[in-house]
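Please open the structure in a viewer and keep the selection tool at hand. The stops below are meant to be taken in order.

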Amino acid sequence: MPSPIDYQNLQPLAISFPSVSAKWIGRDFVDAVKVRWGIGRNSSKVTPGVYKIGNPDSQSDVFVSANYKLSFDILRKNLKSFNAWILVIDTKGVNVWCAAGKGNFGTETLVRSIDKTFLKSIVSHRRLIVPQLGAVGVAAHKIKEQTGFKVIFGPVQAADIAEFVKAGYKATPEMRKINFPFYERAKLIPVDLVYWKYRLLAALFVVFVFSGLDRSGFLFTKMLHTSLFPALNIFTGYLAGMVITPLLLPVIPARAFSLKGALWGLIFIVFLNLFFIAPNIERIALALMGIAVASFAALNFTGATTYTSLSGVKLEMKWSIPFQIGFAAVGLLLFIISKLI
Amino acid sequence: MQYLRNVVTLKLNGDLCTGCRLCAIVCPHAVFEIVNKKARIANIDNCMECGACALNCQFGAITVNSGVGCAAGILNGILNNTEPSCGCNATGENKTSCC
Ligand code: SF4
Ligand code: SF4
């Protein structure tokens, strides 16, 4: 009698995998820019699964990637001249760093992908190269326990992969570190600028309307004629906190972001004041509001950094937010008074 | 660059440590040092509380109250009465740069 078919271990005779190239074409550059400015997010996903780069065989390395298109693109770009497999796991289109923090790039997801893609029948070895930042969500010993695969944590930057592999899967201390250089900070600014636009418009709208206040009530022409300076104060504060603070992060030695932002706000608003004539009370009122905006916008940048801790940000918020609210409230009050006297 | 001093919750229990080095490998801020086959916290103020070391120490020698140091996320958490969440939602939309 023929033995029953073991469906669990049936394997297809030939499977084909999508092959990707290491080269970036025009669309990839466009996508990279779009992602940064938060345009058309749906194009930023890669279908999870196994991909080939070059001509991999059962001995070739397996690199694990998030299904965020930019992560995947950067990985394949750096696997030039490799014959390797890329295991793209479903992180819901979010990059490794954030997905790992939220559990989307985690032990469970990785185990599931290994099972679902029959990785064990694709390669005969049992090693996986996981980006180091994935360690926030992936517990190497649990992967080993549950799948038999040994997780090797690769370098932080995909650009170091070739050297890492050549050195026998060893990263130098430098490769293990996450830095936060100027261009990295610059790249992160557009997303925030776009994210906060409605709140900026709301703040601008408030000073715009209040500019029209007068002892005799509300004057529409007064609003039109005197609202430029107030609006510029808010906008300057916004740019100081949102753009200048991140770009020139190390310039102001204060560690607290709200303080860095407040100082940049102060500097730029003093500069702005050189070009306008206004009563002192109005200048002070607007400076207070502008500084509050700058401080809050800078505090918000903690979310984009690679070195702020949860406990630290909580502590900073505890004392800085009351100050920001106070500055904004006193500023607005003085502004109203300046209109009525 | 370093953030606020004396505030992170990272703790290492040397008695449980076997010197496997994994914490030093996964930490992106070189917080750990391995001296005489034991991990040691060398730069605690560099720690960003990502939790990678604690998750990957299979001997349970490390504890840290981990999370994302993101003001917008913490605010969201307070306003919605949930855990801090920086708003990368199920559609993969990255609302702020923290994700
Ligand atoms: S991972 Fe745990 S056991 Fe290994 S060196 Fe670090 S503290 Fe020690
Ligand atoms: S929590 Fe993260 S940053 Fe802090 S020591 Fe552990 S791995 Fe390093």
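This is a predicted model: local features need pLDDT of at least 70, side-chain atom pairs count only at pLDDT 80 or more; totals for chains, interfaces and linings use all residues.

Residues are numbered from 1 along each chain as its sequence is written, chains are lettered from A and ligands numbered from 1 in the order in which they are written, and side-chain values use heavy atoms, with hydrogens and water left out.

Select ligand 1 first. The space that ligand 1 takes is the largest cavity (on a 1 Å grid over the protein atoms alone, a set of points where a 1.4 Å probe fits but cannot get out). Next, display the residues around ligand 1, those with a heavy atom within 4 Å of it; among them are Cys17(B), Cys20(B), Cys23(B) and Cys57(B). This shell divides into 9 nonpolar, 2 polar and 1 charged residues, where Cys counts as nonpolar and Gly as polar.

Move to ligand 2, which sits in the second largest cavity, with more than half of its atoms within 2 Å of the grid points.

Turn now to chain A and select Phe205(A), Phe208(A), Val209(A), Phe218(A), Phe220(A) and Leu224(A), a nonpolar surface patch with about 580 Å² of accessible area together. Patch members have over 30% relative accessible area and no salt bridge, and nonpolar side chains are joined within 5 Å; areas come from the Shrake-Rupley method with a 1.4 Å probe. Helix α10(A) gives the largest share, 3 residues, while Phe220(A) lies in helix α11 of chain A (helices are DSSP runs of H or I, at least four residues, and strands runs of E, at least two).

Finally, which residue forms a salt bridge with Asp61(A)? The partner is Arg127(A), with the closest N and O atoms 2.8 Å apart; the criterion is a side-chain nitrogen of Lys or Arg within 4 Å of a carboxyl oxygen of Asp or Glu. The pair links distant parts of the chain, 66 residues apart: Asp61(A) is in the loop between β2 and β3, and Arg127(A) is in strand β5.

Definitions and conventions
On a 1 Å grid over the protein atoms alone, a cavity is a set of points where a 1.4 Å probe fits but cannot get out, and a pocket is an open set with protein on both sides within 12 Å along at least five of seven lines; lining residues have an atom within 4 Å of a point. Patches are made of residues with over 30% relative accessible area and no salt bridge: like charges are joined within 9 Å, nonpolar side chains (Val, Leu, Ile, Met, Phe, Trp, Tyr) within 5 Å.
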